[in-house]
Amino acid sequence: MAVKKDRVLWADDEIDLLKPHILFLQDKGYEVIPVISGQDAIDCCRDQSFDIIFLDENMPGLTGLETLAQIKEINPNVPVVMVTKSEEESIMNQAIGNKIADYLIKPVNPNQLLLSIKKNVHKNVIISETTTVGYQQEFNRIGMQINDSLTTDDWMELYKKLVYWELELESSQVQMTDMLRMQKEEANKAFGKFVKKNYVNWIQNPAERPLMSPDLFKKKVFPLLDNDEKVFFILIDNFRLDQWRVVKDLLAEYFTFDEGLYYSILPTATQYARNSIFSGLMPLQIEKMFPDLWVDEESEEGKNLNEEPLIQTQIDRFRKKYSFSYNKVHDSQYGEKLLNMISSLTHNQLNVVVLNFVDMLSHARTEMKMIRELAQSEAAYRSLTRSWFQHSTTLELFKRISDKGYKVIVTTDHGTIRVNNPIKVIGDRNTNTNLRYKVGKNLNYNPKEVLEIRDPEKVGLPSPNLSSKYIFAMNDDFFAYPNNYNYYVSYYKNTFQHGGISMEEMMVPFITMIPK
């Protein structure tokens, strides 16, 4: 069967002089249809379809720009390349305003034409092929890294690399996602062993550990404030590195970025990780020093109601005099209210904002069939995050902060992982409901499948009871109770959860942004 040739329409009143160029493109396998006027080009577009159109700007009768406007009405998606002798900026602006695909100045050489066709017709195929080869070459290197004895910094670099390739393969529409998914699973298994081996030591020896939740204000925020910088600290609940990467370009017009990661404490859940950030303490220290501000697992009270006073305790403990505000945005109405408050907030040295949407999205995806359909895959989950960021008040918030000249820190308390593998656990009725970690006194489980902490004090965690212990799920596991097991598993399988140990939950973005 004959291979379909890409069809090129070329409109130029001096088309006879371009015969060598046409022959060159035909030799490269293209079908070229030459016409001598804008009206001929329009008539051709009504009757036939083309993969790309070259359009001379200065033709008798209809000009190139007038022809372009009519062609776009007939077929708005066909790429049109304007070819002109004129270097007038006004013509360039008009052509770009009419969404041309490319702009070539005469005399053009054949390779310029070929490059324009490749860029506009074959771009996706070329990118896919190049990306495929790139990841195949990187695949073995990443595999070798996973099996090396990695440091905390090495793990962060490896995770960044995996996220980079995940987004590259996705944007190139390359069918290699299974290969990457298997590599991420392999990496998470090795990362789980790494955390299991080192976590107790990190908590007991703060000087030797990577940057972790209780260190953020002391090591990253206070030095900026001490340097007379004004800072917005924006915490997006449940926000992963891949989600940051898909919204980053929306902010590039307003800020430059210093991008990093830090390690969330365990459990990777709001009650523990976020309270640790705002207090600068481990959860056990909060419970001991500020018992009225700590809410234990068994309490019906909301677990993150005391964030503002916890920030104040940290400022007081370090004997700082910063003025600060705290706002939590949980719906568009409050988002609008916050926008209207921006001018009044500029009197503060520090403004802390918590944005709850991404966490709400991950929970809604579990509970609502419609959201589960909308966020069926990791790519769809990222897409919804980007749509929220762009179309809610969030992007406007960042624009206004940039206008005010504030530095911005964007971070999160923990990430989330899509769970797939149920493991059985038995607990009494006082055991917490989280699917990625359990705390209780009568837990029954397979110790090989979890990180178990028999002495919570060793890792800075409170004990609801004398014999309480914590267990953490690793990889893409989630805890399921034996009763109603099948229903429970089918309901929670393939949902986004947090609280346990994975690269996605523990290694999370910490971005310092400087207004342009």
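UniProt positions are given here in the numbering of the model, with feature names shortened, and such annotations may be inferred rather than shown by experiment. The structure is a predicted model, in which local features need pLDDT of at least 70 and side-chain atom pairs count only at pLDDT 80 or more, while totals for chains, interfaces and linings use all residues. Residues are numbered from 1 along each chain as its sequence is written, and side-chain values use heavy atoms, with hydrogens and water left out.

The protein chain holds 20 helices and 18 strands, where helices (H or I, at least four residues) and strands (E, at least two) are DSSP runs numbered from the N terminus. Its C-alpha trace spans about 90 × 60 × 40 Å along the principal axes. Of the 516 residues, 55% are buried, buried meaning under 20% relative accessible area, exposed over 50% and partly exposed in between (1.4 Å probe, protein chains only). With contact defined as heavy atoms within 4.5 Å, residues 24 or more positions apart account for 74% of the contacts with a separation of 6 or more.

An open sheet is formed by five strands with parallel pairing, in the order β2-β1-β3-β4-β5; two strands are taken to pair if DSSP finds at least two bridges between them. Strands β2 (31–35) and β5 (102–105) stand at the edges with a single partner strand each, so that one side of each is left without a neighbour in the sheet. Neighbouring strands are turned by 20° against each other on average, direction ignored, where axes are lines fitted to C-alpha atoms, for helices over the stretch in contact, and angles run from 0 to 180 degrees between N-to-C directions. Helix α2 (residues 38–47) packs on this sheet and touches β1 (7–11), β2 and β3, its direction making about 155° with that of β1. Helix α5 (residues 110–121) lies across β1, β3, β4 and β5 and runs at about 135° to β3.

Within the sheet, β3 (residues 52–56) is joined to the parallel strand β4 (residues 80–84) by four bridges, and phenylalanine 54 stands opposite valine 81 in β4. Strand β3 also contains aspartate 56, which the unreviewed UniProt entry annotates as "modified residue: 4-aspartylphosphate". Aspartate 56 counts as buried at 3% relative accessibility, and, when residues up to four places away in sequence are not counted, aspartate 56 touches Ala11, Asp12, Asp13, Gly64, Val83, Thr84 and Lys106.

In helix α9 (residues 216–226) the buried residues are Leu216, Phe217, Val221, Phe222, Leu224 and Leu225. Seen down the axis of α9, these buried residues fall within an arc of 155° (taken over the directions from the helix axis to the C-beta atoms), so they line one face of the helix. Just after α9, aspartate 228 adopts a positive phi of about 65°.

Tryptophan 388, found in helix α17 (residues 378–391), is buried with a relative accessible area of 12%. Leaving aside residues up to four places away in sequence, tryptophan 388 touches Ile236, Leu355, Phe357, Val358 and Thr394.

A further open sheet consists of three strands in the order β13-β15-β14, with antiparallel pairing. β13 pairs with β15 (residues 469–473) in the antiparallel sense over four bridges, and lysine 438 has isoleucine 471 in β15 as its bridge partner.
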